[in-house]
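This report describes a single protein chain, from individual contacts to its overall build. Please keep the sequence and the structure in view while reading.

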Amino acid sequence: MPDVTSPFVFLLGPARVTLGAGVQPFGVDQRYQLLAYLAWRGEWVGREGLAHLFWPESAPDTARGNFRHLLGRVRALELARGLEVERGRLRWAVPTDLAEFTRAVGEERWEGALELYGGPFLTGLDPEGTGEFAGWLERERERLHGLWRRALLCRAGELGAAGAHLQAAEGLDPLLEEDLDEEVLHAQVGALLRAGGHGRARRAYETFVARLRGEFGLEPTASLEGLGRRLGEPAQAAATAPSAPPAPASRSSLPTSPTSFVGRDLELAEIGRLLSEPDCRLLTLTGPGGIGKTRLALEAARTLGPHFPAGVFFVPLDALTSAALIPTQIARVLGVPPAGQGDGLDGVVGVIGRERMLLVLDNFEHLLGDADTTQALLERCEGLRLMVTSRERLGVEAEWLLPVQGLAYPEEQDFGPVHAGQFDAVGLFVERARRVRPDFAPTDETLPHLLALCRLVEGAPLGLELAAVWVRALPLEEIARELAQNLDFLGPGERGRPERHRGLRAVFEHSWRLLSPAEQEVLAGLAVFRGGFRLEAARQVVGAPLPVLASLVDKSLLRAHPTGRYGRHALLYGYTREKLAGHPDREAELRARHGAYFLGFLQGLGRALRGPDQKAALAAVDADLENVRLAWGWAVEHRRAGDLGRAAAPLAHYCTSRARSREGVEWLAGAEAALSDAEPAHRTALGQLWVAGAPLLHRLGRHAEAERWAGRGLALAREQGEEGAALPALTLLGSLTWRRGDYGRARSFLEEAVALARTRGEPFNLADSLNLLGNVTLDSGDLAGAGRHYEAALALHRTLGHQAEVVRLLNNLGCLAAYQGQLGASVARLEEGLRLARDVGLPRLVAQLLSSLAETQHEQGEWACAAATAREALDLARRSGDRRLEGILLMDLGRTATASGALEQGRRQLREALALLWSLGELPQVLRTLARWAEWYLAAAQPGRAAALLDLVVRHPKTKGVDQGPARRLRAELGGGERSASEDPEADLTAAVAELVGPPP
């Protein structure tokens, strides 16, 4: 708790402040809203921004007057002690519970964070209406609720890791009481099961579903229904279990294991539920070798032992050579004397009779030719239950299936060691590693390599155990690297393991020997695919019949996903790739078929990637991106000019939408290098590559190369009389010259493109050119004309269903509204664009919209929000390689830091932005950055240097029209005479940049 002798503000829950030894609550009017906002900021805040926060629709003079009156009333409050007021800004730098809470979350002190969380942010301080303050309050409440949710989940993870499963489950109650969060329910049910509270877990599930139906009228999702099936019906469990479980049967025979059993709580619960079903008498656990079927079956058998008075027995089948020997093996395990005559079942049936007994038949896959033995046993022993482990289903009438997957592991890297330790795969690796190195513990530095290892083996327990042995000699990074390169690294394993489990190669060889020649040929051929594949691709490329694919699924060598795709274990892929490489002619034939198929697939999506089906088209390429990459490499290797040229535009559209510009340039440049301008058959393809690749080069800041590619593409299109190919080149050259500030030449290119698109009746290219023409018109100072071009382009793109371009136009119209002083309309446009961009999955445009939104938030005076938004956008821009946007965001962050009083931070960011934009040749943005530098000099009390920079910005011909007005107004406020116009503004610009960031390279 804070020291009550000093002021301390509580912002979580009802707002209040300590005064001496007492606590005074906040009122609910604007005085207290202002104080709460200032306490939240904890730094200097400009008066203009605050005035807009509370009176966004009022004229600036009216808003300033209202704010002066409000400030006078606030200063009269007793609890406003420590409020600092200066000419243009104010600050209330008081300690808050919110600051301590966010600090605890940042330091991953989850228990402390939860103690500090007093409830929703500023409870009871809601304003009337839906203005700027209300919007800020709603966003901040949502953000802090997310932090609280994260703290609860992570604290539950800590408790679970410490073995306090019941306490972990109870700690999640507040989240479920407040919101029906399916992820939280799964976490709570898992904790309750680990605590042995199956009944409580079932009740928690039933309460959740009842509320879902009663409060929202919704039915459970497929995931919830699956959880319900795993938990089972308590009434059935009670009916089949004795009221008081008897002591374990003395006749039971389960082998002991030298290692502990880790995880699999839901699978154990599901096995218990299924075997309690009256009709489930034969349950087969299926899965590939090394996935942990035997250990799971043994653990389930131990758990279920009290419900089978006649005993639980383990029957290994791996040494048998014929299914006819199964009764003899069961008899041996049960201690039945060898049968003299008969079918071998009589003695077994005589011992079991009608008793409730469970037999675990382990490793059945090589005996499937006579699986009817199991059916006969069940028919003659009505109290018998069979649990079978097999790499393939038995295929008998009584069979129920439970596929066994790898242990759960984090799919993403965004986990700390504590949170990652909740996943069973990580827990198993750590437990096994400590057997050979007792001090082993993953750290923030080594955890990514451990997670990479888990992904490589896809959570397979055998792979994890074999890898864990190596921590005695190698760091985790080396183990992961070796495993990725060499299948034999995980072998031969420890002595005492079955021969088929002495290494992953032995596991795969055992499965391979059980396949028919046709299955072997198809499985090896499928190695030509990288990642997964669809049925049609398997048919076209490999000639794989559906029955063979189904058989490989049954044998756990392929996985069939509900989406219609097939997948396989990553390490099995490496094994089958070796098998295919042993037949080089067959491999070459399949590679050619694969390349032709996926380049055709990409070409077929050309219009969809820019039309109303863009979301589905992008998802289709996402799913097969590894195959597309492989096919492109094959076409480059074999100089398939026509295929490369026709696929270039769809590939570029995909890379643009998914913010993969750097990768797209690498693909296209590799193709260009493989083709020759001197070969007539290659020239058309080269033109297509140049036009498609130029925008990607531009986004990477390689403007000279982009303009060269676009120019060469345009010249070649005109030479060949291909007006359709000339259109995108004209549009791109208009964009490139506009960004250099050459507005006259840009307008010439774009007006030609607009006229050509109209003549040819090409609405896509017409809309693109109108959009860019709007940009040129805007920067020339004609805001109304820009709006007309933007609206015309938006209408066309909406009609065409081109969602990415709709997003781009919403961004442009949002920026235009901000330039016109319509900040509320600006936010509405930008947030509409953000929702659409995130729904479709367009990270580059998400970054652009966030950048624009940050600028509008700055104009609203919400500097903390503006900085947070810009930082999110900057991360996206850097990941996508968008250097221009990176420079703009650094400029915005520097401006916001300057306005917030963080002058040193602002100076660093502005310097970095200026250097980057100057290196890219983005002169209009360079001039805008100089205007931001002028603001910095004013904040640093150096008005003379600010005036000199503003004079340069105002008179330079490449300054954007929207930047001219603000620069002139700010320069007029400084007073004094303007410098005489220079005869060489370019030299003045170069000198100014050199002074601020050093001479150009």
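Val 997 touches Arg 911, Leu 914 and Ala 915, leaving aside residues up to four places away in sequence; contact here means heavy atoms within 4.5 Å. The structure is a predicted model, in which local features need pLDDT of at least 70 and side-chain atom pairs count only at pLDDT 80 or more, while totals for chains, interfaces and linings use all residues. Residues are numbered from 1 along each chain as its sequence is written, and side-chain values use heavy atoms, with hydrogens and water left out.

Val 997 lies in helix α48, residues 985–997. Helices (H or I, at least four residues) and strands (E, at least two) are DSSP runs, numbered from the N terminus. With a relative accessible area of 15%, Val 997 is buried; buried means under 20% relative accessible area, exposed over 50%, and partly exposed in between, with a 1.4 Å probe and protein chains only. Val 997 and Glu 140 are 857 residues apart along the chain, and their C-alpha atoms are separated by 37 Å.

Leu 137 belongs to helix α6 and counts as buried at 1% relative accessibility. Not counting residues up to four places away in sequence, Leu 137 touches Phe 121, Leu 122, Leu 125, Asp 126 and Pro 127. Between Leu 137 and Val 962, which are 825 residues apart along the chain, the C-alpha separation is 31 Å.

Val 457 is found in the loop between α20 (447–456) and α21 (461–468). Its relative accessibility is 1%, so Val 457 counts as buried. Val 457 and Arg 31 are 426 residues apart in sequence and 60 Å apart in space, C-alpha to C-alpha.

**Aromatic pairs**

The structure holds 21 aromatic pairs. Rings of Phe, Tyr and Trp (its six-membered ring) pair if their centres lie within 6.5 Å; planes under 30 degrees apart count as stacked, over 60 as edge-to-face and the rest as tilted. Two of these pairs are set out below.

| Pair | Centre to centre | Angle between planes | Class |
|---|---|---|---|
| Phe 54 and Phe 133 | 5.2 Å | 20 degrees | stacked |
| Phe 121 and Trp 136 | 5.7 Å | 80 degrees | edge-to-face |

Phe 54 lies in helix α2 (residues 47–54) and Phe 133 in helix α6 (residues 132–161), so their pair ties together parts that are 79 residues apart in sequence. Both Phe 54 and Phe 133 are buried. Phe 121 lies in the loop between α5 (110–116) and α6, whereas Trp 136 lies in helix α6, so this pair ties together parts that are 15 residues apart in sequence. Phe 121 and Trp 136 are likewise buried. One aromatic cluster is formed by Tyr 37, Trp 40, Phe 54, Trp 55, Phe 121, Phe 133 and Trp 136.

**Charges over rings**

A charge sits over a ring if NZ of Lys or CZ of Arg is within 6 Å of the ring centre and within 35 degrees of the ring normal. The charged end of Arg 16 sits over the ring of Phe 10, 4.3 Å from its centre. The charged end of Arg 89 sits over the ring of Trp 44, 4.2 Å from its centre.

**Backbone with positive phi**

Most residues other than glycine have a negative phi. Leu 122, although not a glycine, has a positive phi of about 50 degrees. Leu 122 is found in the loop between α5 and α6, and is buried with a relative accessible area of 0%. Ala 941, also not a glycine, has a positive phi of about 60 degrees. Ala 941 lies in the loop between α45 (923–939) and α46 (943–955) and counts as exposed at 63% relative accessibility.

**The chain as a whole**

The chain has 48 helices and 14 strands. Its C-alpha atoms fill a box of roughly 120 × 90 × 55 Å, taken along the principal axes. Of the 1001 residues in the chain, 53% are buried. Among contacts between residues at least 6 apart in sequence, 67% join residues at least 24 apart.

The chain exposes about 42500 Å², and carbon and sulfur atoms supply 51% of this area; accessible areas come from the Shrake-Rupley method with a 1.4 Å probe.
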